Amino acid sequence: MSQELFDRFSSPGVSRRGLLGGMLGGAVAATANLTGLDVLQQPALADTLKRNDRRVILLWLAGGASQLETWDPKPGRPTGGPFRAIQTNVPGVQISELMPKMSQRLQHTAIIRSLNTKIGDHGGGARLMHLGRRDESNLRLPDLGAMLARELSDPRSLAPDYVTYYTATEGRGNAVGQAGFLGSRFAPMFLTTEAQPENLSRLTAITATEDQRRAEMRSLLSQRFAAERQTGAVGSHDEAYARVRNLMAGEKLFDISDEPQAIRDLYGPTLFGKQALVARRLIEAGTPFVKISRAWWDSHGQNFETHLELVTELDNVMAALLDDLKARGLLESTLVVTLSEFGRTPNINASLGRDHFAKAWSTSLTGCGIQGGSVYGKTDPDGHTVADGEIGAAELFATIFEALGIDPQKEYHVGSRPVPLTDIGTLPVTEVLA
Amino acid sequence: MTRLALVTVILFPLVVPGFSKASELLPADRPLAEVVDHYVSQKLRDAKVEPAAAADDATIIRRLTLDLAGRIPTAAEAQSYVASTDPEKKAGLVERLIDSDAYARHQANEFDAFLMADMNASLRDYLLTAFQEGRGWDQIFREVVIADQLSEAKAAAEFVKRRAKDADKLANDVSVMFFGVNVSCAKCHDHPLVAEWTQDHFYGMKSFFSRTFENGDFIGERDYGVVKFKTTDGDEKTAKPMLLSGAIVDEPESAEPTAEEKKKEKELLEKLKKDKQPPPPPKYSRRAQLAEAGLQAADREYFSRAIVNRLWYRLFGHGLVMPIDQMHPENEPSHPQLLQWLARDLQNHDYDLTRLVRGLVLSDAYARTSRWAGDARPRPDLFAVAAVRPLTPHQYATSLRLAVRSPARFSGDVSGDEVTSRIASVENGARSLANQFDQPGENFQVSVTEALMLSNNEKVTNELLRDAGDSLVGDLKTLDEPQRAVETAAWNVLTRELTEDERRLLTDFFVGQGDDRLTASRQLVWSLLTSSELRFNY
Amino acid sequence: MSNPQNLKVVKEQQQTGILFSLARVPGESRLFVGASDANIYDLDVMAEKPEPAALSGHESYVTGTVLAGDQLISSAYDGRLMWWDIETRQTIRSVPAHQRWIRELAVTPDGRQVISVADDMVCRVWDAADGSLLHELRGHAPQTPHHFPSMLYTCAVSPDGRFLATGDRVGHNVIWELKTGQSIATVETPTMYTWDPKQRIHSIGGVRSLAFSPDSTYLAVGGIGQIGNIDHLGGPARVEVFDWKKNERTYELADDKFKGLVERLAFHPNSDWLLAAGGDHGGFIQFYDLETGKAIRQEKAPMHVHDLALSPQADEIYAVGHGKIVVWQLAAEAEAAAAAG
């Protein structure tokens with residue numbers, strides 16, 4: 001079934017599996033150093049790779065960041081809260097004063113202020129914003145990361161395809177990525193550590209030679225077993241272990257102590273900053289999708305103090321990330337997204353908090369394929385409803401796909417059933433696309 | 001006791017896919033395994049495909065033990081089976097396995113994973129009792145759907161309770177899991193593939209669950225309430241409780257309560273919540289109606305075929321209808337008459353799943369080798385060659401843990417009861433490891449997370465490669481003869497005799513590790529444990 | 001005579017918005033109330049139908065209002081101090097005082113100096129008469145130990161006018177000599193700062209109120225205890241009392257009766273009791289016996305209380321908070337009846 005599924009993906013150019021099969025046989029023995037990033041030049045692959053240099057970093061603001069304290073301030077209104085709006089470097093566009101650095105870097109960013117996603121509980125909201133559509137009970141849908149890993153991964157890259165960080169424990173279960181019917185091949189490497197993944201370092205009890213030898217024997221036995229039993233699932237087993245070898249060889253990717261102090265200072269000392277720096281290292285090495293989760297924004301009490309902490313950090317980390325990507329020439333090919341499961345209520349409660357609010361909130365898209373400085377949609381003066389340009393999760397996903405040069409209506413086939421990347425008929429927000 | 005459902009109004013033609021007249025089927029009294037082979041062989045002949053040979057004995061006992069007891073055999077079990085010259089040894093093994101306690105436990109694990117996938121809850125205790133008592137699938141269906149919190153089967157209520165907040169999911173899960181049909185496509189528009197299926201079907205199924213609600217630790221059901229939906233033409237329509245066949249359940253009029261009555265109801269529910277008591281049962285339960293009506297006429301066909309197909313899929317790695325949740329009229333089964341015969345047999349035998357399982361595993365089709373030496377592997381729906389099936393988390397974790405125990409723990413020198421109890425304890429100890437693995441579904445692929453864990457996790461590898469008196473590694477390091485160490489390890493992990501080639505290869509590897517026998521033993525066991533062979537039921 | 005046992009709401013006035021501060025004209029029920037709509041409202045709260053008059057000029061939440069003679073001085077999150085003529089309600093002066101939000105304002109007993117604290121973590125002492133800067137007091141770290149911006153929430157002047165206390169986000173409190181601007185003691189209340197390193201990875205809490213005892217010996221520090229789920233103000237309202245010169249904690253007042261922040265503290269003029277008020281989604285007002293350190297009276301307030309003024313005889317409490325102004329009386333029944341008559 002799996003083989004059939006993949007054959008029907010009909011991706012242009014080379015087939016991923018063919019490449020992997022060819023490459024990984026050698027990769028087991030090779031101890032490639034990923035940090036060198038010397039991707040072999042094979043002209044035959046050029047077309048396939050053209051799109052494969054696109055990358056995505058999702059800054060997942062778990063718990064629900066307030067649109068009013070970030071991208072859609074309402075200064076002077078009863079719902080506006082105490083923060084001012086500040087002028088950005090894009091004429092006519094203001095954002096919260098909590099984002100002074102981003103205010104001077106908005107030329108690469110599009111703001112969407114008109115999300116109405118309707119689901120106001122953490123679990124349901126997070127799933128919707130991960131899948132781009134409602135769950136189906138008997139179709140395990142892939143999430144954004146898995147779809148993008150499938151669409152953008154570079155067959156020759158030794159870097160992982162989909163990496164997720166979620167270190168805080170609150171809400172972690174809501175934000176787990178899933179590859180669904182795309183299969184575990186595209187499931188995230190789900191990391192809860194500060195930087196270095198679990199189970200990546202060689203066991204202390206064995207030597208490198210021993211580790212290498214047993215891996216070779218394991219692979220040999222497996223290939224003998226698979227010789228007359230070629231099916232997708234069997235192939236994936238040996239492939240998973242081959243990927244372990246690659247990941248172990250690229251262990252340094254997750255180690256930011258390699259970075260110059262100036263770069264580390266740029267990202268700052270917080271966990272979020274460190275992980276964003278790992279994200280940059282990963283996408284630089286060829287990982288197409290990295291999600292850095294910053295939890296937990298659920299400010300039912302003391303919304304303004306919480307946002308003073310967390311937006312200040314977001315502003316710093318996001319600005320550092322964009323500057324760093326730009327300096328390396330990666331911003332054009334990298335899409336940086338900020339997203340939550342929902343926004344927060346315009347009304348301020350007695351604990352000076354804001355509650356869950358999915359009816360009118362904001363997101364930002366920066367870099368690859370994006371019309372920088374654009375603002376799409378608007379909310380009413382107090383932010384209670386979307387006044388113009390209402391979109392949902394599906395349209396946002398379609399916009400992300402389109403920005404990366406992927407047809408949002410491209411279909412996968414699950415058995416006989418076609419499943420498009422986004423729900424049938426969904427249109428991207430072309431106004432924010434370059 | 002609920003009233004018998006009145007299924008009177010039929011708005012839609014009875015649609016049952018690929019239905020033959022009973023007279024065209026093989027007689028009902030033919031042995032089940034024989035019927036399987038009759039129809040499978042017929043199709044192979046038509047397709048001009050020569051099926052693969054029968055699997056060898058070591059493969060058969062491994063396959064059967066995994067499928068019926070949820071684990072690999074011990075080295076002793078495998079050796080004794082291979083050595084036996086009893087012509088009836090396979091039938092005897094099947095009976096022994098089905099009679100074992102492990103059979104019910106395995107069924108409970110598998111059905112729990114199926115019915116409660118992603119629900120963060122378990123039906124295992126209920127299912128274990130149900131399978132231990134040999135309850136029919138119809139009874140399990142009734143107990144799960146009726147979810148009577150005052151009955152002995154109250155543990156079954158977890159199925160509905162966990163989904164009570166979401167009637168859409170509840171309706172679709174019941175359709176998929178018990179009737180083999182995914183109606184969610186018909187939610188927003190009429191089904192794109194099945195002309196007969198309209199929004200009425202989706203909202204009709206939903207109507208059976210729309211009165212269900214959560215109240216504290218319990219679920220309740222109201223006597224009133226309707227499902228309204230917007231048709232594709234934009235009209236508002238009130239759904240009638242409708243089964244997948246199109247049969248509509250007639251029901252007494254139900255008036256909306258007054259505001260005063262609603263207030264009273266709310267107060268009562270609040271009080272019951274506080275007192276941790278279940279809400280009173282409704283005078284008329286739509287869920288109970290579904291439990292009755294779903295087992296009648298055309299819907300009974302859906303019901304029986306769905307479970308036949310599900311178990312066939314589990315044992316053969318490919319359903320008679322694929323995908324297994326798309327058993328709709330326009331999705332032809334690969335073997336229509338076989339599916340029909342098996343469904344009829346199930347109905348005639350009190351929905352006894354064990355009878356079905358026994359028949360399937362005794363067929364020749366089940367017993368083929370998974371090797372295919374020819375050019376292209378034949379289409380899976382011909383069942384010409386055995387599928388290579390990923391182990392489920394429980395199967396894999398239990399097998400890993402069993403494979404690393406000293407063979408002496410389960411040898412012929414230990415009493416049968418003691419062996420059984422030791423195996424049960426290994427199975428029990430493997431539960432937390434099982435939670436680390438993914439449940440395989442269609443298009444399953446092994447995750448890199450799993451491979452990382454089995455490669456580099458200190459805790460897991462320390463446990464599996466433990467040097468102790470009761471562990472395989474502990475045994476191996478004391479064996480003088482490298483070849484014996486290799487053979488012992490292979491029997492324990494792969495549960496088969498090595499080929500000459502393999503013996504040489506592994507012995508060289510073992511000797512090549514140097515003088516440190518402990519390290520060499522660990523290297524050997526790890527290579528075998530993590531090889532693809534242990535990961536699959538082949 | 002004032003007695004917490006007689007505590008009774010005598011007025012509950014709705015007022016749109018969040019009310020962060022109040023100043024009461026001595027001997028009258030005329031109040032100046034700082035609000036979230038950037039206005040200050042001048043109203044007679046005991047009037048049958050109070051008619052608030054707005055003093056407009058600030059650009060963000062008004063967080064401090066104090067009276068110095070016939071001048072009103074206010075502070076706001078816009079970083080400015082404003083001087084007002086309370087008769088004409090005209091602006092006299094507007095001073096850019098801090099780079100960040102001004103959290104609170106205090107005035108010396110003689111009305112000659114005004115003290116402001118802000119999130120730039122500086123405390124500034126101003127001449128109330130001409131608005132000139134007298135001292136800049138720096139003793140609070142701009143960042144928390146976890147690399148987030150800190151906040152300087154509160155300040156208080158001792159009744160003898162000699163000392164000034166300031167308290168911040170992480171529970172660090174500094175006592176200053178007002179005349180010289182020198183820091184002379186510190187008091188730590190780390191329990192009032194909850195850093196959650198694991199579940200949510202940010203913080204909540206802070207010292208929200210300070211008060212010196214009538215003889216200036218004791219310093220009461222108010223805030224909230226450790227919080228499990230920092231999404232909510234779900235920790236116990238907390239007061240710690242220090243003999244600050246000895247750096248000794250004499251009382252730790254925290255029980256399970258109320259959750260939330262202690263936003264204001266006030267000592268009875270004879271030290272009979274200590275009053276603490278604040279809230280979470282709701283509000284509370286509590287009285288502690290200073291002999292025993294036990295609560296004498298703990299009541300729900302009609303709203304989360306942000307500021308209050310205790311009358312010199314301690315028989316009346318005027319309080320503002322979330323959408324309401326409330327007046328309590330503490331007089332015995334007979335006295336209260338007589339007063340009403």
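Colleague: Which residue lies over the face of Trp60(A)?

Modeller: Lys291(A) does, at 5.9 Å from the ring centre. A charge counts as sitting over a ring if NZ of Lys or CZ of Arg is within 6 Å of the ring centre and within 35 degrees of the ring normal. This is a predicted model, in which local features need pLDDT of at least 70, side-chain atom pairs count only at pLDDT 80 or more, and totals for chains, interfaces and linings use all residues. Residues are numbered from 1 along each chain as its sequence is written, chains are lettered from A and ligands numbered from 1 in the order in which they are written, and side-chain values use heavy atoms, without hydrogens and water.

Colleague: Why is the pair of Phe141(B) and Phe179(B) called edge-to-face?

Modeller: Rings of Phe, Tyr and Trp (its six-membered ring) pair if their centres lie within 6.5 Å; planes under 30 degrees apart are stacked, over 60 edge-to-face and the rest tilted. Here the centres are 5.7 Å apart and the planes stand at 90°, so the pair is edge-to-face.

Colleague: What makes Phe141(B) and Phe179(B) count as buried?

Modeller: Buried means under 20% relative accessible area, exposed over 50% and partly exposed in between (1.4 Å probe, protein chains only). Phe141(B) has 0% relative accessibility and therefore counts as buried; Phe179(B), at 1%, is therefore buried too.

Colleague: Which aromatic cluster includes Phe141(B) and Phe179(B)?

Modeller: Both belong to one aromatic cluster that also includes Trp137(B) and Tyr351(B).
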